[in-house]
Amino acid sequence: MSLQDIRGQVLCDDYILNYYSVDSSFYKIRPKCVVIPKNVSDVIQCVKFARKSKISVTARGGGTGLVGSALNSGIIMDLKNFDKIKLAKNYVTVQPGVRKGKLDQVLAKKGKFLGPNPSVGPYCTIGGMIGTNASGTRSLKYGSMIDNLLAVTVVVTNYPNVSKNSCGYRLDRVKDPKNIHKIIAGSEGTLGIVVSAKLRIYNIPKKKTLLVVGYNSPKLALHNCQKIIQLEPSAVEYIDDYTMRNFGKKFPKSIKCLLFVEFDGNIQYSVKQFRKISDGTILYKTAKNDTISKWWALRNASLHYSLKNLLAKQTTSHIIEDATLPVEKLEQILPVLSKLKRKFNPVFVMYGHTGNGNLHVRVSVSKNKDNVDKIAKEFFAEIIRLGGTITGEHGDGIARTKFVKMQYGSKTYSLFSKLKREFDPDHILNPGKIIS
Ligand SMILES: Cc1cc2nc3c(=O)[nH]c(=O)nc-3n(C[C@H](O)[C@H](O)[C@H](O)COP(=O)(O)OP(=O)(O)OC[C@H]3O[C@@H](n4cnc5c(N)ncnc54)[C@H](O)[C@@H]3O)c2cc1C
């Protein structure tokens with residue numbers, strides 16, 4: 001058995017290996033070769049070859065992951081030829097290499113959309129979104145990938161005899177055999193390679209209204225989120241002072257952070273109720289699609305705005321970047337950050353999907369890597385103590401695999417190890433991620 005029988009491409013050129021040795025994280029791992037399968041039998045052939053040769057296979061989508069999940073030293077399998085979309089009334093069957101942007105265009109023509117919408121926009125793929133259990137600004141109302149994954153076709157190395165968040169394996173969502181496919185969401189290519197998925201889709205709402213709300217303090221804004229989500233908005237997003245000042249717009253000096261609150265149903269009533277419960281000031285209110293899109297473009301580029309002017313002087317890490325707390329405990333992140341600031345003197349920037357309790361806190365320290373690791377350890381311990389998860393949407397990757405045991409404890413972690421062994425007894429599927 002060899003890779004020569006594969007009908008797609010097998011590439012080992014230097015520049016190809018360099019290209020696939022990075023993604024959107026800070027990590028770099030050079031693979032041995034890249035396989036671009038043409039069809040499912042190529043995928044099966046490649047996995048069989050890898051198993052026999054004891055070499056790893058790591059599926060790759062758009063390479064937009066932030067924690068190094070798609071990097072490894074064996075075979076990288078790029079599924080870009082798997083690009084078919086088949087639309088039905090309330091669901092769509094998609095192959096993993098389909099770019100989110102292409103799917104959006106096809107769905108929009110029929111007045112439909114997919115719920116999860118990572119801020120990276122059109123560039124990620126469906127395979128990668130399932131792999132990381134991706135979400136986004138509207139996941140508050142429309143869920144993460146795990147909520148919209150109706151069925152999945154996977155190439156595995158073994159089929160497990162079991163029936164039953166983006167950290168670890170989501171055993172909590174596999175309570176009966178009908179839901180076994182959900183285990184693949186967030187599994188980062190470590191259990192199998194997705195070759196097709198059936199996803200729930202929604203009608204595009206006829207109207208939307210976006211409120212850009214200014215708050216005098218982060219505490220007020222984070223505290224307000226729990227009341228706001230009772231009104232069933234489609235999005236509640238937080239932007240800190242540093243990030244919003246980089247937007248290039250004028251905001252009053254007294255405003256220290258923003259919430260973007262969007263409603264796409266029952267709008268008049270919801271906005272009226274919002275005015276009653278809001279602790280902030282509505283700075284802008286718009287129902288015009290163009291204006292709404294312009295505001296969201298700013299929010300979606302917050303990774304860029306939050307780090308602007310910081311990187312030259314400091315080093316930043318993607319270890320801490322998408323922890324998630326129960327919404328009612330969100331404001332408790334502030335004393336945690338203050339304590340770490342006193343101890344290690346980092347710069348913290350923060351934005352994110354606060355309607356889901358999901359905050360993109362980014363830590364920037366003067367060039368001292370040791371401190372990043374120490375801060376991460378203490379920060380994660382506090383997140384876990386508060387009942388949260390160390391990763392709400394980007395997954396474990398290289399950055400957080402070593403913290404999975406800390407999140408779940410030894411008993412659950414050993415269940416994860418058993419599950420991994422059942423699916424992948426030779427440990428060839430994206431090794432070193434989730435289970436170390
Ligand atoms: C600027 C920016 C903003 C972002 N904003 C968000 C956000 O708002 N929300 C969010 O959730 N994420 C966000 N991300 C992270 C990232 O875009 C998502 O995780 C995305 O879903 C990854 O898709 P991808 O196709 O690039 O996957 P890749 O990075 O290529 O792969 C991700 C993981 O999926 C696995 N995988 C890929 N294809 C398959 C397959 N066919 N079968 C099995 N496993 C597979 C890989 O092995 C890897 O473990 C952002 C990233 C950037 C750079």
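Me: Which residues are linked in a network of salt bridges, and what counts as a salt bridge?

Reply: A salt bridge is a side-chain nitrogen of Lys or Arg that lies within 4 Å of a carboxyl oxygen of Asp or Glu. In this structure, Glu 321, Asp 322, Arg 362 and Arg 400 are linked in a network of such bridges, and by this rule the count comes to 17 salt bridges. Please keep in mind that this is a predicted model, in which local features need pLDDT of at least 70 and side-chain atom pairs count only at pLDDT 80 or more, while totals for chains, interfaces and linings use all residues. Residues are numbered from 1 along each chain as its sequence is written, and side-chain values use heavy atoms, with hydrogens and water left out.

Me: Where in the fold do Arg 400 and Glu 321 lie, and are they buried or exposed?

Reply: Helices (H or I, at least four residues) and strands (E, at least two) are DSSP runs, numbered from the N terminus. The side chains of Arg 400 and Glu 321 meet in a salt bridge, with N to O at 2.8 Å. Arg 400 belongs to helix H14 (residues 397–400), whereas Glu 321 sits in the loop between strand E15 (314–317) and helix H12 (333–344), so the pair ties together parts that are 79 residues apart in sequence. Buried means under 20% relative accessible area, exposed over 50%, and partly exposed in between (1.4 Å probe, protein chains only). Arg 400 is buried at 0% relative accessibility, and Glu 321 is buried at 0% as well.

Me: What does the side chain of Ser 278 reach, and which residues is Ser 278 in contact with?

Reply: A polar contact is a pair of N or O atoms within 3.5 Å; within protein, one must be able to donate a hydrogen and the other to accept it, and residues adjacent in sequence count only if both atoms are side-chain atoms. The side chain of Ser 278 reaches the backbone nitrogen of Gly 280 at 2.9 Å. Leaving aside neighbours within four places in sequence, Ser 278 is in contact (heavy atoms within 4.5 Å) with Val 213, Tyr 215 and Asn 224.
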